[in-house]
Amino acid sequence: MVQDEKLPHIDGADEQMLGSGGVEDKLADRRDEVKFIKGDHQNGDAKIDIGMVNGGKPAFTGMSKEELMKYANDPFWVRLRWIFFVGFWAIWVGMLVGAILIIVGAPKCAAPQPLQWYKRGPHAKFANIEAAQPQDVQAAKKLHAAGAIYELPAALTYNVKKPEVEEQIKRLVAQYQGSDTRLILDLTPNYVAKDSQLVQDAIADPEKRSAFVWVSGKASAPTNWLKVGGNWSAWEQVGDSYVLSQFEEGHYDLKMNSTLIRNEFGGVLRHLVGLGIDGFRLKNTKFFVLSDNLEDEVNSPVPKDFNLGPNDYGFYDHKQTTFQSGLGDVLYDYLSIVKNASEEGFLSVAEDIIQPQVYQLSDVPGVNGIDLPMYGDFVKVLSKSKPEKSLQKDLENTLFQAGNSSWLQWNLADFYVDTPQDPSALAMFISLLPGVPIVAVDAIAYQNVTEETYRQIEQLRKSASYMHGELKLFEAEPLIAFSRIKSGNPGYFVIFNPTELSHSSNYTNPPDLPEKMTVSYFSENYNNNEDAVKVAHAGKVNLKGLKVAPHSTIILTYVPVKAE
């Protein structure tokens, strides 16, 4: 039988045998296990097994400094070191150059696109095209107007291809040649005179009577409809038929959705674009006849005058003859004709649309069938000496009803002639709202406001915060205030004081408004009020402590406070 005998390791004996220091100390660190194994007991053979304590694996021993230095100048290692050195810096420089190229070559953030010219405004409103004069160009220049609006007489709407009418339009276009002002025409497309070619064709050919509301085989007027604003029937007898005539005597209403009229009026629009007209505003759109239904009007539930009777226009609600279903789609069809003729063309209305929902597309709710709708009485309310309702609420409701994304026409001719408000204050305040000011040259908004004010308005309307910025209204009774700001740009804070005294306000919910702002512009008479604290351009003011002068507007610039 084989028997193993293990001799215990004696630390002290190792130390005595190996001594201390140098290589011997390294050997002393080795912990070996020695085994004596007896072999055949008959002949006394034995085996000795010397193993490692650390799992039988020899301990790693690195090269000393002296041993490494022997290879320091070896050509192979010198060359390898240079390769790593050069490679490291080449990679580092390559990454730096790559980063620079990425930054330089990265797509730039697109600059904000300027507004279309007809949204940029303001637009100068003149009278009839026949009264156009060369000095009109200077009047438009005073306003820094983007467009000049003239009215084409209703009798000429479908006669624009006649040489004498065409020549008149060409003279007007030439008058504005070389200026920055484009031409806009107000058109009346919904009726023609009885001697027009359209009427003569309808008399001769019954198939062409679909262009009118033409009723045959009746012994009396088909309905109780009255002429607009009048007290006699809106039906005129032509031979043995009745034809609808809501406006002037001897002028017949057109069905604006009929194929004949679409082709005829579409041709008028295209021809005018070809002559150099850039935009159009249509009159009488709420009276456009689109339906074949002929039903009597019913009494208005809220008559304007209780003394009115069945022979008075104001006695009825006019649901059969105004704001007919599909109006938005018909107008959009004509808008498309203009856009196809000119990418920069536009088509809008010349009067308050009153019922915005009727002017929207039937298939795309919330989208108008026209550019630049005109809606609401806010301009009138703002110019009152003592507004009867909250200006902030009225403005908020106007924008909501028109569609918060709408770009409205603000008709500055609606300012009351005897308003106590500074006209320049009204013009500045209105001009920074979403929309385009329409300034009649015979109104106080033109006559009592300097060119410098309109120059300032032009600069403000070209800013990114105005063109693409967010509008936020603030409750600031008795003042009215709003801000316009686009991320990454200074914001504008606009305040109007409609009262006779200087006022300050706390301005509700202004977490992003700083305490101090910079004065940008103010209305012409701001510093003329004895009760007001004088302000200066580029001066600093404390928002909450600012007392706004009576009947005045002040425009401040600011950088929004970042939320923590």
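Two strands count as paired if DSSP finds at least two bridges between them, and helices (H or I, at least four residues) and strands (E, at least two) are DSSP runs numbered from the N terminus. This is a predicted model, in which local features need pLDDT of at least 70 and side-chain atom pairs count only at pLDDT 80 or more, while totals for chains, interfaces and linings use all residues. Residues are numbered from 1 along each chain as its sequence is written, and side-chain values use heavy atoms, with hydrogens and water left out.

**The three-stranded sheet**
- Strand β8 is joined by three bridges to the antiparallel strand β10 (residues 241-244), and S216 stands opposite S241 in β10.
- The open sheet has the order β8-β10-β9 with antiparallel pairing, and its edge strands, β8 (214-216) and β9 (235-238), each pair on one side only.

**Helix α10**
- The end C-alpha atoms of α10 (residues 327-341) are 22 Å apart, which agrees with the 21 Å that its 15 residues should span at 1.5 Å a residue, the expected span being 1.5 Å times one less than the number of residues.
- Its buried residues (under 20% relative accessible area, 1.4 Å probe, protein chains only) include L327, V330, L331 and L335.
- The buried residues of α10 pack against α9 (259-275), β12 (279-282) and β13 (346-349).

**Packing of α9 on α10**
- The axes of α9 and α10, which are lines fitted to C-alpha atoms over the stretch in contact, with angles from 0 to 180 degrees between N-to-C directions, come within 9 Å and cross at roughly 35°.
- The contact (heavy atoms within 4.5 Å) involves residues including F265 and L269 of α9 and Y334 and I337 of α10.

How values were computed:
Buried means under 20% relative accessible area, exposed over 50%, partly exposed in between (1.4 Å probe, protein chains only).
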